[in-house]
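Please brief me on the protein shown below.

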Amino acid sequence: MRQAEQAQGSLLPEYHRATPECPHPDRWSMYDSMTAEAEVLEFLRTLVTTVKPELVVETGAFLGVSTLWIAEGLKRNNRGKIVSCELDPVVFAKAQAKIAASDLSSWIELRNESSLEMQIDGVIDLLFSDSDMAIRAEEIRRFLPQMNPHGLILMHDASSHLKVVREAALKMEAEGLLSVVFLPTPRGLVVAQRRDR
Ligand SMILES: C[S@@+](CC[C@H](N)C(=O)[O-])C[C@H]1O[C@@H](n2cnc3c(N)ncnc32)[C@H](O)[C@@H]1O
């Protein structure tokens, strides 16, 4: 949070080290090391305007930056909503204030709860899993029955260096639950879909 406050919204070079799949991470930018890479934020917004989801679920809002980029896509579509959760109450309060100060709050439902307890009504068209890396697989398994079979599942931090999310995605693919594609970004991003289409 301190890094985000010091940067005051200005872009910094991406901090993540090179991986075989992404040998030049310095070509990417970031606001801080917790918020998704700036280019990934742009991708999230573009994905929302491309597939026009009715319901987006995000796990791990942090300061609400990715939540706001997704909401910007929803606003452009003039439809849909995002439900996001942040476990840490102090971080949640900051995200809540940021969202309230934006013109996007009507598109967002932000909850101070764990992704592993969050109850979602209805069919999820886009799931962005970006909470604690160790529980990402549990999150996906939890929300999978509610996923639109044509919907998209994104798992952040899936680089070969970070391992845990990448391995979780490959395991779920091997179990026949998901079809996965790895985008070679600095921190890694899985784009997946339910297998039972
Ligand atoms: C990488 S940051 C999210 C960054 C944010 N999505 C963005 O790109 O702007 C991960 C966040 O997940 C939160 N978190 C960790 N475990 C969680 C859980 N079980 N449920 C909800 N949030 C969680 C952390 O407190 C942290 O703020």
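Which residue stands opposite Leu-55 in β4? It is Lys-81. This is a predicted model: local features need pLDDT of at least 70, side-chain atom pairs count only at pLDDT 80 or more, and totals for chains, interfaces and linings use all residues. Residues are numbered from 1 along each chain as its sequence is written. Helices (H or I, at least four residues) and strands (E, at least two) are DSSP runs, numbered from the N terminus.

**The sheet**

- Seven strands form an open sheet with mixed pairing. Their order is β5-β4-β3-β6-β7-β9-β8.
- The edge strands are β5 (108-111) and β8 (178-183), and each pairs on one side only. Two strands pair if DSSP finds at least two bridges between them.
- On average, neighbouring strands of this sheet are turned by 15° against each other, direction ignored. Axes here are lines fitted to C-alpha atoms, for helices over the stretch in contact, and angles run from 0 to 180 degrees between N-to-C directions.
- Strands of a sheet pair through backbone hydrogen bonds, either parallel or antiparallel.

**Strand β3 and its partners**

- Strand β3 covers residues 55-59, and four of its five residues are buried. A residue is buried if 20 or more other C-beta atoms lie within 10 Å of its own, exposed if 12 or fewer, and partly exposed in between; C-beta atoms are placed from the backbone.
- β3 runs parallel to β4 (residues 81-85), and five bridges join them.
- β3 also pairs with β6 (residues 124-129) in the parallel sense, over four bridges. Thr-59 has Ser-129 in β6 as its bridge partner.
- Together, β3, helix α3 (residues 65-77) and β4 make a right-handed β-α-β unit. Right-handed means that, with the strands pointing away from the viewer, the path from the first strand over the helix to the second runs clockwise.

**Strand β7 and its partners**

- Seven of the ten residues in β7 are buried.
- β7 pairs with β6 in the parallel sense over five bridges. Leu-127 has Ile-153 in β7 as its bridge partner.
- β7 (residues 147-156) and β9 run antiparallel, joined by four bridges. His-156 stands opposite Leu-189 in β9, and Ile-153 has Ala-192 there as its bridge partner.
- A right-handed β-α-β unit is made by β6, α5 and β7.

**Two helices, α5 and α6**

- Two packed helices are described by the angle between their axes and the distance between the axes.
- Helices α5 (residues 136-143) and α6 (residues 164-174) pack at about 35°, with their axes 9 Å apart.
- Arg-136, Ala-137 and Ile-140 in α5 meet Val-165, Ala-168 and Met-172 in α6. Residues are in contact if their C-beta atoms, placed from the backbone, lie within 7 Å.
- The residues of this contact divide into five nonpolar, no polar and one charged. Ala, Val, Leu, Ile, Met, Phe, Trp, Tyr, Cys and Pro count as nonpolar, Asp, Glu, Lys and Arg as charged, and the others, Gly among them, as polar.
- α5 lies across β3, β6 and β7, running at about 170° to β6.
- α6 packs on the sheet and touches β7, β8 and β9. Its direction makes about 150° with that of β8.

**Around the ligand**

- The ligand has 21 residues around it, and Ala-36, Gly-60, Phe-62, Ser-66 and Asp-132 come nearest. A residue is near a molecule or strand if its C-beta atom, placed from the backbone, lies within 6 Å of it.
- The shell has ten nonpolar, seven polar and four charged residues.

**Residues to look up**

- Most residues other than glycine have a negative phi.
- Phe-62 is not a glycine, yet has a positive phi of about 50°. It is found in the loop between β3 and α3. Phe-62 counts as buried because 22 C-beta neighbours lie inside 10 Å.
- Lys-163 also has a positive phi, near 60°. It sits in the loop between β7 and α6. Lys-163 has 13 C-beta neighbours inside 10 Å, so it counts as partly exposed.
- Gln-193 is in strand β9 (residues 189-194). It is partly exposed, because 17 other C-beta atoms lie within 10 Å.
- Not counting residues up to four places away in sequence, Gln-193 touches Leu-152, Ile-153, Leu-178 and Ser-179.

Key. Contact = placed C-beta atoms within 7 Å.
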